Amino acid sequence: MAPAQHRSIWRVAALAAALGAAPALAQTPAPTAQTAAPQTTAPPSVAAQTPAPQVIRIGVLRVDRAGLPPISRLEMPPADLGLVGARLGTEDNDTTGRFMGQDFDTTEATATPETAAAELGALIGAGVQFVVTLADDATTLALADHAGDRALILNARARGDALRGADCRANVIHVAPSDAMLTDALAQFLMWKRWPRWFLVAGSHPEDTALAAAWTRAATKFGAKIVEERVFQDTSGARRTDSGHVQVQAQMPVFTQRAPEHDILIAADAAGIFAGYLPYQTWDARPVAGSAGLVPRSWHPAMEAWGATQFQNRFEALAHRPMREEDYQAWLAVRMVGEAATRARTTDPAALKAFILSPEFQVAGFKGQKLTVRDWDHQLRQPILLTTGLLMASVSPQDAYLHQVTALDTLGIDRPETQCKF
């Protein structure tokens, strides 16, 4: 057979096969609504699969007391002092919390000493069981007693040693450093500098007297000698008038003259009445420290070590101002709750409090080492920055001072000294 004939036969056969198959295709029933597509169940949405986050409610209560403005207008407290620190702490908590199924809700409140108890009651009534307080010693103690076992108080301002001693409360954790911690931190540095002779000038207010007592204790503890103590009486005169510097220039040298030989003048001015006037105005050419000059602080806006630069930048982007001590302490208080929730994997308030007070708890504070809580007075251990107006001069504890548990316990009231009885 010729090739052309073979190709023709193949085409005819193919055409016949196609025509023969057509009826079979035509007999196939058309898809119906019931048979066209198999029934499928849509997968549940991600939102339906993910359980609702567990909410941890934190309150921030700032109690403002009326009083004189600070000596320098540069020290005027911003309207959001402390509150922005808590907001940044909440943001940091949520960054980790969202992966743990935890949501942190922070409620802010401001009050006077007269309205503080009512504001605290409102927070507790709204389900808040962790309250960060920014208040003085007396108000902090009153709020702790008012809260009782209904809320855990995280003290982010009050520094009185009595709050950690005879007036301690089991429902309070002290995030702010105590007077004893601050004075011990500076005392270590002064002894390292070999400046053991101190001329102590204290204010006339009760908080000044308490701070002066802390300086006396620090001198005894580290082997310094207070050559004399004088009291600067607050006469409530004009401090920020056009002639203020003229009065200071005439009065401070006279007030400080005839002091025994000393290495440094220590100012105990918790009320903020006179210490800022002392540098460069003393009778003898001596440095000033304590409440002015070289000042021990929990935080300083010039702090850059241990990753603090990024932390400072985040706060400044949020607040549009440098971070102050109250901001840092409020941030740290909020972070303590968040860190406990992350590590303990719970939102139960009782379990969180127990974990914060346990040896397993620690929190990072951009200070080069872990921060933990003392079980005998609920004080947060932390390094103390020794600062000038522009820079950080040193950090205590100093290397020369050792402790059988942690060098941080060389600052403040150690276990054998405590008067706290929960």
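**Entry 1: a helix on a sheet**

I started with helix 7 (residues 206-222), which lies across strand 6 (197-203), strand 7, strand 8 and strand 9 and runs at about 165° to strand 6. Helices (H or I, at least four residues) and strands (E, at least two) are DSSP runs, numbered from the N terminus. Axes are lines fitted to C-alpha atoms, for helices over the stretch in contact (heavy atoms within 4.5 Å). Angles run from 0 to 180 degrees between N-to-C directions.

I noted that this is a predicted model, in which local features need pLDDT of at least 70, side-chain atom pairs count only at pLDDT 80 or more, and totals for chains, interfaces and linings use all residues. Residues are numbered from 1 along each chain as its sequence is written, and side-chain values use heavy atoms, with hydrogens and water left out.

I found an open sheet of four strands in the order 7-6-8-9, with parallel pairing; two strands pair if DSSP finds at least two bridges between them. Strand 7 (225-232) and strand 9 (288-290) each have a single partner strand, so one side of each has no neighbour in the sheet. Neighbouring strands here are turned by 30° against each other on average, direction ignored.

I then looked at strand 8 (residues 264-268), which is joined to strand 9 by three bridges. I266 has A289 of strand 9 as its bridge partner.

**Entry 2: R381**

I looked up R381 in the loop between helix 11 (349-356) and strand 11 (384-387). R381 counts as buried because its relative accessibility is 10%, and buried means under 20% relative accessible area (1.4 Å probe, protein chains only). A polar atom of the R381 side chain lies 3.4 Å from the backbone oxygen of V373.

Notes
Buried means under 20% relative accessible area, exposed over 50%, partly exposed in between (1.4 Å probe, protein chains only). A polar contact is a pair of N or O atoms within 3.5 Å; within protein, one must be able to donate a hydrogen and the other to accept it, and residues adjacent in sequence count only if both atoms are side-chain atoms.
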